[in-house]
Amino acid sequence: MEGKPVRLLDRLREAIRVRHYSLSTERAYCDWVRRFILFHEKRHPQELGAVEVTAFLSHLAVGRNVSPSTQNQAKAAILFLYRHVLELQLPWLDEVVQAKPRQRLPVVLTENEVRRLLLAMSGVSGLIASLLYGTGLRLQEALCLRVKDVELQRREVAVRQGKGGKDRVTVLPENLVLPLRQQMASSKALHDADLSAGFGHVWLPDALAVKYPQAARAWGWQFVFPSRQLSTDPRSGVVRRHHIQPDTVQRSIATAAHRVRIAKPCSPHVLRHSFATHLLQAGYDIRTVQELLGHSDVSTTMIYTHVLNRGGRGVVSPLDRVG
């Protein structure tokens, strides 16, 4: 039985890649399926059913105390295995327990805290942090920015294949035009050096590399924030220059927050939360904020109305009226 899970995971990877899922999703799904198999003592998933799937998910919730979102990710991985790899359309698949996500208020920095945080940062990580707060981008969206999608003259940033595979356009702050122009000049010099060394190809989504063979070497398709080192693509084995890794920015923000003594937990996503909240505080329409953030439903954007600086739902406490 020891060889069977390995072959199954190879089939799982192939099914994920055919559907153009991200590498992070591939790794997460393979990890959850591996854990599922080991939890049931290496029995093949074809021998298992709703009882075993529910037992595994219950173990995650009770024994491991994972969050609802983590439990639901594990469920998604297992259901993907049954539907798209084993091709078993079983009636119990849709009846497996679904953890109800907890609705938590987002952590939001004050404008003073944002100013202190950004002043404590420098270099590329500092520029990315400023971009997150100035545009409302998610960290991965900022790291995946291509040169062609940054419109300096129109002060716009185009987000391609954001969360849910959606494209959108968001605002580019005037204060970031010069730093971004300098960053792209540095990236251009690095790209030219790669071309001279026989490299210079960048990863392209979907089948664009086949449809446009020269696009991978074109300047417009290069990442705005390239990595310092070349790396080997784990899927194709091709040596390329990818964008910088998320943990580099995450560590820089956490370190800067600790240095300026911000007590709130600080992550790149907190800057996105702060972007949305501060726009609402400035009087911008919630539909405008929804569009800039790329939310499908305005109810997702409404969560920021609960953390405005006037208190819950903008209500003035009666204590403040007592003379």
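Six aromatic pairs were found in a search of the whole structure, where rings of Phe, Tyr and Trp (its six-membered ring) pair if their centres lie within 6.5 Å. The structure is a predicted model, in which local features need pLDDT of at least 70 and side-chain atom pairs count only at pLDDT 80 or more, whereas totals for chains, interfaces and linings use all residues. Residues are numbered from 1 along each chain as its sequence is written, and side-chain values use heavy atoms, with hydrogens and water left out.

The ring centres of Tyr21 and Phe80 are 5.5 Å apart and the planes stand at 50°, so this pair is classed as tilted (planes under 30 degrees apart count as stacked, over 60 as edge-to-face and the rest as tilted). Phe80 is buried, at 6% relative accessibility, while Tyr21 is partly exposed at 30% (buried, under 20% relative accessible area; exposed, over 50%; partly exposed, in between; 1.4 Å probe, protein chains only).

Trp32, Phe36, Phe39 and Phe56 are joined into a cluster by ring pairs. The charged end of Arg35 sits over the ring of Trp32, 4.7 Å from its centre, and Lys148 lies over the face of Trp221, 4.5 Å from the ring centre; the criterion is NZ of Lys or CZ of Arg within 6 Å of the ring centre and within 35 degrees of the ring normal.
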